[in-house]
Amino acid sequence: MTTLSANIQLIENRLQQLIAALIKQFDEYSRRNYGHCDINYLSFEIVKGTKYYKLIMRQGTGTSVHAFISRQTGAVYKPASWRAPAKHVRYNLLDDTSFAECLRRADWSGLYLRLK
């Protein structure tokens, strides 16, 4: 049986892995389409709320919510707005298979968060 604190630690660790995958994918996209990548153009920040981690994406001068992640279940949601997630779970960071699929499909623009 896994403790809540162990789940939180796993979710936070996998969230960092997701951010690394998103940045890597952006780097590859930029180099393929523009021949270079400005490392300071795209960044992510995790904001800890009461129910969700909000994954904030800063792109150039713009800021948007990239995803919401449940702090208890590890469920990944597409944002419906700045303050709320969409209804349906896209991935689960606590499930190894779902997490692997999330990393495999991850892209900086958020297309991997569309319903399949």
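This is a predicted model: local features need pLDDT of at least 70, side-chain atom pairs count only at pLDDT 80 or more; totals for chains, interfaces and linings use all residues.
Visitor: Let us go through the pairs. How many bridges join E1 to E2?

Guide: Seven bridges join E1 to E2, and the two run antiparallel. Within that pairing, Glu-45 has Ile-56 in E2 as its bridge partner. The two strands form a hairpin, with three residues between them.

Visitor: And over how many bridges do E2 and E3 pair?

Guide: E2 and E3 pair over eight bridges, in the antiparallel sense. Tyr-53 is opposite Ile-69 in E3, and Arg-58 is opposite Thr-63 in E3.

Visitor: What is in the turn between E2 and E3?

Guide: E2 and E3 form a hairpin with two residues between them, and the turn contains Gly-60, whose phi is positive at about 60°.

Visitor: Next, E3 and E4. How many bridges there?

Guide: Two bridges join E3 to E4, again with the strands running antiparallel. Ile-69, which stands opposite Tyr-53, has Val-76 as its bridge partner in E4. This hairpin has four residues between its strands, and Gly-74 in the turn has a positive phi of about 80°.

Visitor: That leaves the last pair. How many bridges join E4 to E5?

Guide: Four bridges join strand E4, residues 75-79, to E5, and these strands run antiparallel. Ala-75 stands opposite Asn-92 in E5.

Visitor: What span should its 31 residues have?

Guide: At 1.5 Å a residue, the 31 residues of H1 should span 45 Å. The C-alpha atoms at its ends are 44 Å apart, which agrees. After H1 comes Gly-35, with a positive phi near 80°.

Visitor: Which residues of H1 are buried?

Guide: The buried residues of H1 are Asn-7, Ile-11, Arg-14, Leu-15, Leu-18, Ile-19, Leu-22, Gln-25, Phe-26 and Ser-30.

Visitor: What covers them?

Guide: The cover over the buried residues of H1 includes E1, E2, E3 and H2.

Visitor: Then H2 next. Which of its residues are buried?

Guide: In helix H2, residues 96-105, the buried residues include Ser-98, Phe-99 and Cys-102. Viewed down the axis of H2, its buried residues fall within an arc of 100°, so they line one face of the helix. As a general point, an α-helix has 3.6 residues a turn, so residues three or four places apart point the same way.

Visitor: What covers that face, and what is on the other side?

Guide: H1 and E5 are among the elements that cover the buried residues of H2. On the other side of H2, Asp-96, Thr-97 and Arg-104 are exposed.

Visitor: What happens at the start of H2?

Guide: There, a side-chain oxygen of Asp-95 reaches to within 3.2 Å of the backbone nitrogen of Thr-97.

Visitor: Back to the sheet. Is His-66 buried or exposed?

Guide: His-66, which lies in strand E3, has 4% relative accessibility and therefore counts as buried.

Visitor: What does its side chain make a polar contact with?

Guide: The side chain of His-66 makes a polar contact with the side chain of Tyr-112, at 3.0 Å. Leaving aside neighbours within four places in sequence, the residues in contact with His-66 include Leu-22, Phe-44, Trp-108 and Leu-113.

Visitor: And Ala-67: buried or exposed?

Guide: Ala-67 is also found in strand E3; at 0% relative accessibility, Ala-67 counts as buried.

Visitor: Which residues is Ala-67 in contact with?

Guide: Beyond its neighbours within four places in sequence, Ala-67 is in contact with Tyr-53, Lys-54, Leu-55, Val-76, Tyr-77, Pro-79 and Leu-113. The C-alpha atoms of Ala-67 and Tyr-52 are separated by 9.6 Å, and these residues are 15 residues apart along the chain.

Technical notes: Residues are numbered from 1 along each chain as its sequence is written. Side-chain values use heavy atoms; hydrogens and water are left out. Two strands pair if DSSP finds at least two bridges between them. Buried means under 20% relative accessible area, exposed over 50%, partly exposed in between (1.4 Å probe, protein chains only). The arc is that of the directions from the helix axis to the C-beta atoms. Contact means heavy atoms within 4.5 Å. A polar contact is a pair of N or O atoms within 3.5 Å; within protein, one must be able to donate a hydrogen and the other to accept it, and residues adjacent in sequence count only if both atoms are side-chain atoms. The expected span of a helix is 1.5 Å times one less than its number of residues.
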